[in-house]
Amino acid sequence: MFQIKFKTLNLCNFETLQLKKRMKKHFPTIAKTALVLVYLVIVAGALVRMTGSGMGCPDWPKCFGYYIPPTDLQELTWTPNRAFEKGQVIIKDETLLVAKDNFTTQTAFDASHWEKYTKHDYALFNPIHTWIEYINRLFGALAGIACFFMAVASFRFWKQNKKITLLSWLVVFMMGFQAWLGAKVVYSVLNPIKITVHMVMALVIVAVILYIIQLARPKLAVVKYNSNFRNVLLFALILTLIQVAIGTQVRQFVDEQVKNGLTASILWLQNPSITFYVHRSFSILILFVNLYLYVRNTKLGLGFSKQKWVLSIIAIEIATGIAMAYFDFPIGSQAIHLVLASILFGIQFYMILEARKTSPANS
């Protein structure tokens, strides 16, 4: 009897050990999956900005009080003999009303069952905008689950490298903070500063996940040490981050033009703010800094092959920027511009991780 229990215990221990080994082996794949999903959230967010769907769901985390949002205005309209659940929303007299309890409507409207939504006074419904924003939130939820799974799997590295585990759980908390920021953006009816912080936070999450991947699989491309290149590379990354922040402000200016009744896209940048000119001029600085890095990398044979990707992305960024400013905002140009900026940041940050692995001694 004792031998049977002992064998069973050994079998359980063996299976647990094998599971831990598999988790460790597949951890980089799990982390990369989380990274891809975070980028998909950025893509979905770019689509939200491009279509002006940021207020497609005026509440959070539900959408008009539903887990699955409505598709027709009739679902948000008071009608007699209809059952409502607590928290569900209707639009009445251009105001959002929230059900205070579960009830069925009578032949006349009874205000005692309703309370005014107090987070803001935005009360419009556009089914396309609603579902675009809802899909954005779904991607956010999937990315959050993936990051949580990555954090659980990271416990396998606790004895070997505690930094991987700690950073993985930091990502989980940052995803929670990002969700909270998303709610604040909605409640503020797309406040420009909150939108900028929301975007920058997404890039910080990307950077931390890239660092985790590098720690889990420390073998990077073989590159040579050059202190000047490393310093300018860091400067280029900071410039990109600043440019993204300025770009969100330019985009907000465009949104304001639409709100003010300028529906024709050719008029959006007819009288641009000073931020637009700063954003445009900043792109020239970014181009020349990265051209310098490309030339120095090529001349000295440093081995940073991704610098070619950086220049290609910057070229497309400038092209889409010109298209938006002078060719009436071609469809998709805004989304491409934003997504490529986030990819550019990720590549530059990964190059910095590559540079960190070098030193004068091993070059």
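Modeller: A salt bridge is counted when a side-chain nitrogen of Lys or Arg lies within 4 Å of a carboxyl oxygen of Asp or Glu. The structure above is a predicted model, and by this rule the count comes to two salt bridges.

Colleague: Which residue forms a salt bridge with Arg-137, and how far apart are the closest N and O atoms?

Modeller: The partner of Arg-137 is Glu-133, and the closest N and O atoms of this salt bridge are 3.0 Å apart. The two residues are four positions apart in helix α2 (residues 127–153), so about one helical turn separates Glu-133 from Arg-137.

Colleague: Are Glu-133 and Arg-137 buried or exposed?

Modeller: A residue is called buried when its relative accessible area is under 20%, and both Glu-133 and Arg-137 are buried.

Colleague: Where in the chain are the residues of the other pair, Glu-354 and Lys-306?

Modeller: The side chains of Glu-354 and Lys-306 meet in a salt bridge, with 3.0 Å from N to O. This pair links distant parts of the chain, since Glu-354 is in helix α8 while Lys-306 is in the loop between α6 and α7, 48 residues apart. Glu-354 has a relative accessible area of 2% and is therefore buried, and Lys-306, with a relative accessible area of 16%, is buried too.

Colleague: How should I read a disulfide, and how many disulfides does a search of the whole structure find?

Modeller: In general, a disulfide is a covalent bond between the sulfur atoms of two cysteines. Here the search finds one disulfide, which joins Cys-57 to Cys-63 with an S to S distance of 2.0 Å. Both Cys-57 and Cys-63 are buried.

Colleague: Why is the disulfide of Cys-57 and Cys-63 called left-handed?

Modeller: The torsion about the S-S bond of Cys-57 and Cys-63 is about -85 degrees, and so the disulfide is left-handed.

Colleague: Which residues make the nonpolar surface patch?

Modeller: Val-36, Leu-40 and Val-43 make a nonpolar surface patch of about 220 Å². Val-43 has its place in helix α1 (residues 2–51), and Val-43 counts as partly exposed because its relative accessible area is 38%.

Colleague: What is the volume of the second largest pocket, and which residues are the closest to its centre?

Modeller: The second largest pocket has a volume of about 750 Å³. It is lined by 33 residues, of which His-279, Glu-317, Gly-321, Met-324 and His-337 are the closest to its centre. Helices that each supply at least two residues of this lining include α6 (274–300), α7 (307–326) and α8 (333–356).

Technical notes:
Residues numbered from 1 in each chain as written. Predicted model: local features only at pLDDT ≥ 70, side-chain atom pairs only at ≥ 80, totals over all residues. Heavy atoms only, no water. Patch = residues over 30% accessible without salt bridge, like charges linked within 9 Å, V, L, I, M, F, W, Y side chains within 5 Å. Areas by Shrake-Rupley, 256 points an atom, 1.4 Å probe, with all protein chains shown as cover. Buried < 20%, exposed > 50% of the residue type's maximum accessible area, 1.4 Å probe, protein only. Disulfide = S-S within 2.5 Å. 1 Å grid on protein atoms, 1.4 Å probe; cavity = no way out; pocket = protein on both sides within 12 Å on 5 of 7 lines; lining within 4 Å. Points joined across faces, edges and corners; volume = space filled by probe spheres on them.
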